[in-house]
Amino acid sequence: MSSAIETVREVTGGEYKWGFTTPVEEETAPPGLNEDIIRMISKKKGEPDWLTAWRLEAYRRWQAMEEPKWAKVHYPPIDFQAISYFAAPKQKERPKSLDDIDPEIRRTYEKLGIPIREQEILAGVAVDYVFDSVSVATTFKQKLEELGIIFCSISEAVRDHPELVRKYLGTVVPPGDNFYAALNSAVFTDGSFVYVPKGVRCPMELSTYFRINAAGTGQFERTLIIADEGSYVSYLEGCTAPMRDENQLHAAVVELIALDEAEIKYSTVQNWYPGDKDGKGGIYNFVTKRGLCKGRRSKISWTQVETGSAITWKYPSCILQGEESVGEFYSVAVTNNHQQADTGTKMVHIGKRTRSRIVSKGIAAGRSNNTYRGLVKIMRGAEGARNYTQCDSLLIGDRCGAHTVPYIEVRNRSAVAEHEATTSKISDDQLFYCRSRGISEEDAVALIVNGFCREVMDELPMEFAVEARKLLGISLEGSVG
Amino acid sequence: MARARTVLPDPSYEELFTRARNRLPGSQLPELAELRRQAWRRVCEIGLPTSRVEEWKYTSILGRVQKALPLLEATAPPLEQLKAAFAGGVEARRLIFVNGRLVPELSHTGGLPDGMAITSLERLAARQPERLAALTRPAEEEGSAFAWLNAAFWTSGAVVELAAGVRPQAPLQLLFFQDAREQAGMTHPRLVVRLGPGARLHLIESHLGEGEAGQWVNLVGAVELGEGAELVHEVMQAPPQSATLLARSRIQLAAGARLVRNIASLGGGLVRNETEVHLCGSGAEALLNGLYMPMEREHVDQFVRVHHEQPGCHSDQFFKGIVGGKARAVFAGRIMVYRDAQKTNAYQANNNLLLSDEAEVDTKPELEIFADDVKCSHGATVGALDPSALFYLRARGLPQAVAESLLTYAFAGEVLERVVDPHLRGQMARRVLDRVPGGGALEAEGLV
């Protein structure tokens, strides 16, 4: 798969191609955060009282919390009162059809290489577009509805399916879980909601495209995916942002719930603006993602390709509660220039014979720091639990750092946990071998890096691989911005 | 409000310090008295760690050390027990400490080669007091409250110095015996080892004790190896279950120096080994092997930091744990490769065997790498015995229980076979067999 090569080329040499802004009329809240702002957000979205109260409770908890400092990332203190917590493209009313979407927004997505219409027809992917904090369009809704699948923005879900939202929201990532989750719970503005009913296999990939557009704002989206008994869904997430000198905050929460024998596959290509060569600007990506394998024989699989963001702080996790449930985490994290990534996963084995597999590939170049931080926890009752972890790091250049911080906690004698990690550079022997066969140095590096990442890239769904390549490839030169 | 990560030591320490400081060795020296006061202030500044301190996440020590215990005098130790712990052969030199005080009449340091000096800190206090401050001062950046506590309260310690090229044949054994038969107490011994360029030493360190009154040992070691020097340092820790043993070593290696450190933790209510190796010259090599076997309610914590500061160094960590009963074993190893340390070759392995459903293993093998031309890897496993290996033995007629015992013993054997001194290896094997479930049957069957 060539996208791996292109990813690396892109981050090690290329410029950020998605750094344009779109002159859409935006409706933004004044900077700052207090209970009135939260009430305003809630009111603007026409939310029921219970949700407003839920937000305010989260806000009160957040005020009592401290920013996490344990990650291996450094940044100046964030002034949470300088951020605007709501930015929405101004529109009179909800678009009736895709044609009603503000042409500027449509053009933005076209620049990104995802023409809303074309994509849906060609790739057969149902997409929810989140522009700044608000979902602007969801395609293929009708077709999904026939199967009983609900795929809409979370605001719509609150309105149309309050019983589902109320039942599951905050059950996997409770509002007081951590500093950024609490902040998100207080101010989240939109995001995607998916419900797949019993026994339904979602026939297409569901996808959300996130874009931060407005200046001085943060993006706080919330995604909730519920796979009912015996169902299957594959969900894709992509993100970009304009180039700005300031640092923008992205603090999302993603909750996945898989009931008996259900399977959720969640793939991310994260390409937020990473800042310029000197480390100026870029997105702070502080995200809480967690899946609950609630039912027996359920499965949650996370795949992520992390290339963007000035700072990534992200640990997609699985709580393996149901017996024989399975958790997977496949990750490629590429950092360059002054980027810092502290990412990994948590696998908490509660149920009997639960299994987890972690494959993490970190590539550090320039002056960046790339950390894998993970936890494998096998509880007393997790008889016969099994974990395999492999994390490899590749260093390109001598000014970068690659770190591995795994925690393994085992409390059951019949469980087996294995962890392996290596750190290396592209060996001269490998390079020489390729070069002696007439492959240029650049291509040889790409080839080797490709091989290094392959295990993870193979996990990306086909449709997404195309988009990933589109997003990351050098062929994009001149076609955007 | 966030809860505090460290807590102030109990006032009993302050009282003890005020009461005892004029009787501690070297108290007549203003410089040393000032150093002890300064060390005490640092203890208060840093505070004793709760489990909210990342380095102490899995080990709560406060309950055991929060209150000061008296600094005991030496008592008459049970000689048979001491003798059983003698290692290094008939030629070996030996320093014996009882309750942290050197007992010269039991020790044997005669007939040393030229250029080798073995002395104790208390003897130095009488003869060369001017050297004491330099020998007991922790590094300025020292962040461990326990290291400073040791600097404030030490009553004894060994100083071993070898001049360039001195290579004594006979090993040197340091034997620490804690007598907790009648009274609880604490000791803060200090070990200083300096090897000149090309020198070589085989050092054996044994910790044992008797009694259930409770003993806390806070040992601090400072080891410096000159260019091309070689140290084999073998440690057996087998104190009684009432004991708390905290052993912190800082080992510095110059170019081409070589360290082999074999450490077996086979007893003690709470044992924590902090090993910090600094590879400060190119071509230095450190091989660290460890075996720990906490049973019942014991707790062992292996805390290892290997700093690759210069290019072309090699380090290898090999730690194995067997955990039974309600015991808990912790391994926290970190390899740090500095920006200039190209061509580093570092490996770290931690394998654990859980024997009971109430035991727990927490392992945290870390890599922190800032140079690109390096080979660093680690592996960690936690699990039960290999079913196919068990099947193999059963197919050859061994009962299930015996097969399990044999495989468990063999698991430990991988570390034991790296122990250089045969006497010490024998003592360790004895201790391991006592701890392996069904170990006695293995001997009776003649299988080991």
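**The chain A–chain B contact and what lies behind it**

A: Happy to walk you through it: chain A brings 32 residues to the contact and chain B brings 33, where two residues are in contact if their C-beta atoms, placed from the backbone, lie within 7 Å. Before going on, please note that this is a predicted model, in which local features need pLDDT of at least 70 and side-chain atom pairs count only at pLDDT 80 or more, while totals for chains, interfaces and linings use all residues. Residues are numbered from 1 along each chain as its sequence is written, and chains are lettered from A and ligands numbered from 1 in the order in which they are written.

On the chain A side, strand 22 (386–396), strand 23 (401–410) and strand 24 (416–424) each supply at least two of the residues that touch chain B. Helices (H or I, at least four residues) and strands (E, at least two) are DSSP runs, numbered from the N terminus. Strand 23 of chain A gives the largest share of this side, with 10 residues. Sorted by class, the chain A side has 13 nonpolar, 10 polar and 9 charged residues. Here Ala, Val, Leu, Ile, Met, Phe, Trp, Tyr, Cys and Pro count as nonpolar, Asp, Glu, Lys and Arg as charged, and the others, Gly among them, as polar.

Strand pairing also crosses from one chain to the other. Strand 24 of chain A and strand 22 (residues 375–383) of chain B run antiparallel, joined by 7 bridges; two strands pair if DSSP finds at least two bridges between them. In one of these bridges, A:A417 has B:V382 in strand 22 of chain B as its partner.

A:V405 counts as buried because it has 22 C-beta neighbours inside 10 Å. A residue is buried if 20 or more other C-beta atoms lie within 10 Å of its own, exposed if 12 or fewer, and partly exposed in between, with C-beta atoms placed from the backbone. Leaving out residues up to four places away in sequence, A:V405 touches A:T371, A:Y372, A:R373 and B:E366. The C-alpha atoms of A:V405 and A:Y372 are separated by 5.9 Å, although the two residues are 33 apart along the chain.

Now let us step across into chain B. Chain B is divided into domain 1 (74–385) and domain 2 (386–448), with bounds that come from an automatic or database domain assignment. The C-alpha centres of domain 1 and domain 2 of chain B lie 26 Å apart. Where the two domains touch, 25 residues of domain 1 of chain B are in contact with 23 residues of domain 2 of chain B. On the domain 1 side, strand 10 (200–210), strand 12 (230–238), strand 14 (258–265), strand 16 (285–292) and strand 18 (314–323) of chain B each supply at least two residues. The largest share of that side, 4 residues, comes from strand 12 of chain B. By class, the domain 1 side has 17 nonpolar, 6 polar and 2 charged residues.

Strand 14 and strand 16 of chain B pair in the parallel sense over 8 bridges, and B:I263 has B:G290 in strand 16 as its bridge partner. Strand 16 of chain B is also joined to strand 18 of chain B by 8 bridges, again in a parallel run, with B:Y292 bridged to B:G321 in strand 18. Strand 16 of chain B is mostly covered, with 6 of its 8 residues buried.

Behind all this is the largest nonpolar core, a set of 248 residues in which A:V194, A:L256, A:I264 and B:V337 touch the most other members. A nonpolar core is a set of buried Ala, Val, Leu, Ile, Met, Phe, Trp, Tyr and Cys residues joined through C-beta atoms within 7 Å. Helix 7 (residues 145–153) of chain B gives the most to this core, 8 residues. Domain 1 and domain 2 of chain B both contribute residues, so the core lies between them.

Finally, the overall picture of chain B: it has 11 helices and 22 strands, and 54% of its 448 residues are buried.
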